[in-house]
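Take a moment to look over the chains before reading on. This walk goes from single residues to the meeting of two chains.

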Amino acid sequence: MVKNITIFTTNTCAYCVMVKKWLGAKGYRYEEVNLDVNPERQKEAFEMSGQMAVPVTVVTKQDDSKEVVVGYNLSKLAPALA
Amino acid sequence: MTQQEVHDVVMIGAGPAALTAAIYTTREDIDTVLFEKGVIGGLAAVTDWVDNYPGFPKGISGLDLAQGLNEQAERFGAVIRLGEVFGIAETNGLKKLSTSDGDIFAKSVLIATGSDYKKIGVPGEQEFYGKGVHYCATCDGAFYRDKRLVVVGGGNSAVQEAIFLTRFATHIDLLVRGDKMRASEILQKELKEHADKITVHMNTTTDEIVGNEEGKVVAVKGTDKTNNSEVEVAADGVFVFVGLSPNTDFLQGTDIRLDEIGMIVTDANLETSMPGVFAAGDVRSGATMQIASATGEGATAALMIRKYLENKDKHVVTPPVPAVADVST
Ligand SMILES: Cc1cc2nc3c(=O)[nH]c(=O)nc-3n(C[C@H](O)[C@H](O)[C@H](O)COP(=O)(O)OP(=O)(O)OC[C@H]3O[C@@H](n4cnc5c(N)ncnc54)[C@H](O)[C@@H]3O)c2cc1C
């Protein structure tokens with residue numbers, strides 16, 4: 001079960017729009033951290049994902065374990081939410 | 001008997017070409033479904049700024065243009081499914097598409113799958129993918145605030161994206177393999193205006209992306225071909241824009257004819273060698289790789305599809321009875 005979802009995005013990132021669109025279509029709520037607005041959280045996104053890329057979707061489960069998906073990748077995103 | 005899913009037209013891809021075609025077909029009440037495996041809006045959506053699309057005298061952001069096309073197509077009833085098409089075959093006068101949603105059937109098909117970024121194939125490129133080596137400036141540029149970058153390529157995309165990246169990076173080295181820039185005159189002029197931040201290295205190949213013990217990119221090695229000397233520039237990240245290759249792998253082994261570089265061959269009506277299957281935009285042999293031409297071809301393809309369907313409707317087509325349970329969603 002999913003406890004919460006955080007997505008790290010930037011203003012110009014089209015793949016971020018797709019992750020939000022897909023989550024919205026599936027009825028998931030999420031918190032968005034826009035790195036253009038909050039550049040100080042860039043390090044956090046990098047530490048979570050190990051990559052210098054957005055979108056980074058962090059799915060926190062009920063037991064507080066986390067699954068991190070980089071990019072708009074439905075073959076990883078769908079199982080991470082299952 | 002379970003009912004098979006049959007549509008008037010299925011469009012593969014939802015970039016500018018297919019979205020425009022969908023605006024036209026849905027306004028003619030032609031039942032239209034699009035499959036998009038990546039971003040709705042295609043490469044236009046990941047382009048920072050578009051200055052040459054008619055009707056926008058001040059230019060428009062690629063993302064806004066893509067969203068406008070998306071809304072306009074949906075407004076008239078286009079259905080965009082987030083999924084991939086893996087293959088296409090003819091059965092009983094219909095086209096059978098294998099997709100991530102299972103098999104579906106269409107009376108006609110538009111292939112508008114565009115193209116993807118080419119890799120340079122040098123040591124370090126794969127290893128640092130996403131961690132220092134990137135292909136999308138609008139996606140990943142923000143990670144390089146106050147950092148040094150290398151941009152590889154000398155065409156429109158490379159120059160346009162290098163200019164975009166100046167808003168983040170302190171300095172950019174642009175490595176151009178040839179002795180001439182392929183970018184348009186106007187972009188080259190703009191490039192000169194950024195000479196304080198962008199250093200252009202002509203005749204310079206990119207040979208290796210070098211990292212340190214912490215797994216971070218620190219430099220790019222190349223060769224200055226004028227005197228065969230080694231060039232090494234410090235860099236925290238590398239953005240590669242060395243051209244595109246068509247998204248047609250899924251058509252290998254089908255009756256759809258491809259040219260020597262894998263682009264789809266069509267006749268003057270944009271119809272491929274498989275009757276009822278049309279192609280438009282960047283994926284079509286002879287394409288001019290512009291949004292305006294992609295949307296123009298999309299409109300043409302839609303009108304040709306309408307004509308094809310009008311003729312086809314004079315003959316009755318029945319979908320084959322499925323051997324197993326219905327897989328449509
Ligand atoms: C960096 C950059 C800057 C550019 N700047 C400009 C500019 O300023 N002006 C201009 O006019 N043009 C510009 N272009 C070119 C322009 O983006 C393209 O010409 C245009 O997007 C082509 O549209 P299309 O619909 O043919 O293909 P695309 O935009 O490539 O769309 C094709 C879509 O099909 C999808 N797809 C592929 N295979 C499948 C499959 N099997 N199943 C489902 N979906 C699939 C892809 O995910 C993609 O979204 C630029 C391109 C780049 C890379």
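Is B:R284 buried or exposed? B:R284 is buried, because its relative accessible area is 14% and the limit for buried is under 20%. Keep in mind that this is a predicted model.

B:R284 has a partner. It forms a salt bridge with B:E297, and the closest N and O atoms are 3.0 Å apart.

Now look for other salt bridges. The count over all chains comes to 16. One of them joins the side chains of B:K107 and B:D8, at 3.2 Å from N to O. B:K107 lies in strand β8 (residues 102-111) of chain B, and B:D8 lies in strand β1 (residues 6-12) of chain B, so this pair ties together parts that are 99 residues apart in sequence. B:D8 is buried, with a relative accessible area of 18%. Elsewhere in chain B, salt bridges link B:E5, B:R81 and B:D101 in a network.

Chain A has a salt bridge to look at as well. The side chains of A:E67 and A:K61 meet at 3.1 Å, N to O. How do the two residues sit? A:E67 is partly exposed, at 34% relative accessible area. A:K61 is buried, at 13%.

How confident is the predictor in chain A? Its mean pLDDT is 93, and 100% of its residues reach 70 or more. Among the elements of chain A, strand β2 (residues 31-34) has the highest mean pLDDT, 97. Helix α3 (residues 74-81) of chain A has the lowest, 90.

Next come the cysteines. How many disulfides does a search of the whole structure find? Over all chains, the search finds two. A disulfide is a covalent bond between the sulfur atoms of two cysteines. In chain A, A:C13 and A:C16 form one, with their sulfur atoms 2.1 Å apart. This link is right-handed, with 95° about the S-S bond. Both A:C13 and A:C16 are buried. In chain B, B:C136 and B:C139 form a disulfide, and here the sulfur atoms are 2.2 Å apart. The link of B:C136 and B:C139 is right-handed, with 65° about the S-S bond. B:C136 counts as buried, at 9% relative accessibility. B:C139 is buried as well, at 3%.

Turn to where the chains meet. In all, 24 residues of chain B are in contact with 21 residues of chain A. Between them the chains bury about 2000 Å², and 64% of that is on carbon and sulfur atoms. Three residues, B:L82, B:F143 and B:R145, supply 31% of the area that chain B buries against chain A, more than any other three residues. B:R145 also takes part in a salt bridge: its side chain meets that of A:D36 at 2.9 Å, N to O. On the side of chain B that touches chain A, the elements that give two or more residues are α3 (62-75) and α4 (137-140) of chain B.

Now go inside chain B. Why is helix α5 (residues 156-165) of chain B described as largely enclosed by the rest of the structure? Seven of its 10 residues are buried, so the rest of the structure largely encloses this helix. Among the buried ones are B:A158, B:V159 and B:F164. What covers the buried residues of α5(B) includes α4, β11 (148-152) and α6 (185-193) of chain B.

End with two strand residues. B:T204 is in strand β14 (residues 204-211) of chain B. At 3% relative accessibility, B:T204 counts as buried. Its side chain reaches the backbone oxygen of B:M202 at 2.7 Å. B:A219 is in strand β15 (residues 217-224) of chain B. B:A219 is buried, with a relative accessible area of 4%. The C-alpha atoms of B:A219 and B:L19 are separated by 41 Å, and the two residues are 200 residues apart along the chain.

Methods. Residues are numbered from 1 along each chain as its sequence is written. Chains are lettered from A and ligands numbered from 1 in the order in which they are written. This is a predicted model: local features need pLDDT of at least 70, side-chain atom pairs count only at pLDDT 80 or more; totals for chains, interfaces and linings use all residues. Side-chain values use heavy atoms; hydrogens and water are left out. A disulfide is a pair of cysteine sulfur atoms within 2.5 Å. Buried means under 20% relative accessible area, exposed over 50%, partly exposed in between (1.4 Å probe, protein chains only). pLDDT is the predictor's confidence in each residue, from 0 to 100. Helices (H or I, at least four residues) and strands (E, at least two) are DSSP runs, numbered from the N terminus. Contact means heavy atoms within 4.5 Å. Buried area is the accessible area (1.4 Å probe) that two parts lose on being put together, summed over both. A salt bridge is a side-chain nitrogen of Lys or Arg within 4 Å of a carboxyl oxygen of Asp or Glu. A polar contact is a pair of N or O atoms within 3.5 Å; within protein, one must be able to donate a hydrogen and the other to accept it, and residues adjacent in sequence count only if both atoms are side-chain atoms.
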